[in-house]
Amino acid sequence: MRGNAAVLRESGTELTIEEVEFGELASDEVLVRIAGVGVCHTDLTAQSGGVPLPLPVVLGHEGAGVVHAVGSAVETLSVGDHVVLSFDSCRECATCKAGHPAYCELFAALNYFGTRLDGTATMSRGDEDVHGSWFGQSSFGAYAVASVRNAVKVDDDVPLDILGPLGCGLMTGAGTVFNVLRPAPGQSLGVFGLGAVGLSAVMAAKAAGCATIVAVDLNPERLKLATELGATHVIDPSQTKDVNWAITEITGTGLDFTVDAVGLGSVVRQAVEALRSPGVCATLGLQGLENEMTIDQGHLLIGRTLTGVIEGDADPHELIPKLIELWREGDFPFDRLVERRPFDEINEAISSARSGQVIKPVLVFDTA
Ligand SMILES: [Zn+2]
Ligand SMILES: [Zn+2]
């Protein structure tokens, strides 16, 4: 099978659309014809060299599409099934079995190494290997090789081309609220940074019944959208002398929970200091593999927790169908974050995500 894919040949350069060839599937793999694929912040970090990767490589890890072929041992998926692709996990190690596949012991090998576990590449062009298996999929292309572990079957009456971001960015924000922070109805939650991850946290906080949802960002349009999606209060740090004083004005005692979707030391520190006691802050923003920050112990000692979360600590097979159900009920309107764009405009779409002009570009294929 051959198909076009957007190939990264050198860190920091644009992607080139090239025809690649897919070899024989391994027994547990599926070949998916991609309907749409989101652009996630981690793709941008990888493109600019922030994640060590073998080149050439195909990025993309928010794919959704139709199963086109299945490996010999695949029993849970069939040709024609609609699937959302998520991160890969072994589903056999102690961490996976305990229900935390985002912390799988094989996470790096399955998602970042550019090959299958046996070292083979899923794609080639002429005599050259093209690395794939990025988050177990490499879905910046017309087709992607995934496996039964990370291809999640979804109903076929929902708009398949925009479902891909449920497999990473949207799952990260929503999963952090539903699986890690778990606010009770009536509690308060603050979100720092209103990209796709932060805005999903806002929507999830509303769905969870939080009475006070404070959204913090420098972009007035994002603040307006956050209000429409459920934020009860918004703060623009450039218009406020002291963000935490403003939060105390709103809450009296501070927030029960905060989410950092930026990853800058100053923001994480603020998100910890905005808590009441006790309170929990989850940091999600990735700013590169090494990112030291300073926290005042005096602000932690008073019963506060600072934790990091990957992929919303979610099992994609559980959370993705749940998010689709919430969307059906009008409680997770993620489609408002998405902007469709033809696949061949992938470099423009990436620029629009980098500049913040578009919250979640989704590249779509003409699958008619
Ligand atoms: Zn595992
Ligand atoms: Zn991602």
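Cysteine 40 and cysteine 168 are both buried, where buried means under 20% relative accessible area, exposed over 50% and partly exposed in between, with a 1.4 Å probe and protein chains only. This is a predicted model, in which local features need pLDDT of at least 70, side-chain atom pairs count only at pLDDT 80 or more, and totals for chains, interfaces and linings use all residues. Residues are numbered from 1 along each chain as its sequence is written, chains are lettered from A and ligands numbered from 1 in the order in which they are written, and side-chain values use heavy atoms, leaving out hydrogens and water.

**Zinc sites**

Donors are N, O and S atoms within 2.8 Å of the metal (3.2 Å for Na, K and Ca); water is not among the atoms, so sites may look incomplete.

| Zinc ion | Protein donors | Distance | Spacing |
|---|---|---|---|
| ligand 1 | Cys90 (SG), Cys93 (SG), Cys96 (SG), Cys104 (SG) | 2.3 to 2.4 Å | C-x2-C-x2-C-x7-C |
| ligand 2 | Cys40 (SG), His61 (NE2), Cys168 (SG) | 2.1 to 2.2 Å | C-x20-H-x106-C |

Helices (H or I, at least four residues) and strands (E, at least two) are DSSP runs, numbered from the N terminus.

The zinc ion (ligand 1) has a tetrahedral site, with angles of 103 to 120 degrees among its four donor atoms; four donors count as tetrahedral if all angles lie between 85 and 135 degrees. Cysteine 90 is in the loop between β6 (82-85) and α2 (94-97) and cysteine 104 in the loop between α2 and α3 (107-111), so this pair ties together parts 14 residues apart in sequence. Both cysteine 90 and cysteine 104 are buried.

**Helix α4**

Helix α4 covers residues 169-181, 13 residues in total, and spans 17 Å from its first C-alpha to its last, close to the 18 Å expected at 1.5 Å a residue. That expected span is 1.5 Å times one less than the number of residues. At glycine 175 the helix α4 bends by about 40 degrees, the bend being the angle between axes fitted to the seven residues ending there and the seven starting there.

Eleven of the 13 residues of α4 are buried. They pack against β11 (188-192), α5 (196-207), β14 (255-260), β15 (275-283) and α10 (316-328); contact means heavy atoms within 4.5 Å. Threonine 176, in helix α4, is buried with a relative accessible area of 0%. Not counting residues up to four places away in sequence, threonine 176 touches Met171, Leu181, Val259, Ala282, Leu284, Val309 and Gly312. After α4 comes arginine 182, with a positive phi near 45 degrees.

Threonine 42 lies in helix α1 and counts as buried at 14% relative accessibility. Apart from neighbours within four places in sequence, threonine 42 contacts His61, Trp134, Phe135 and Leu286.

In helix α11 (residues 346-355), the buried residues are Ile346, Asn347, Ala349, Ile350, Ser352 and Ala353. The partners of these buried residues are β1 (2-8), β2 (16-22), α1, β17 (338-342) and β18 (360-364). Glycine 356 follows α11 and has a positive phi, near 85 degrees.

How values were computed:
Tetrahedral: all angles 85-135°; square planar, octahedral: opposite > 155°, others 65-115°.
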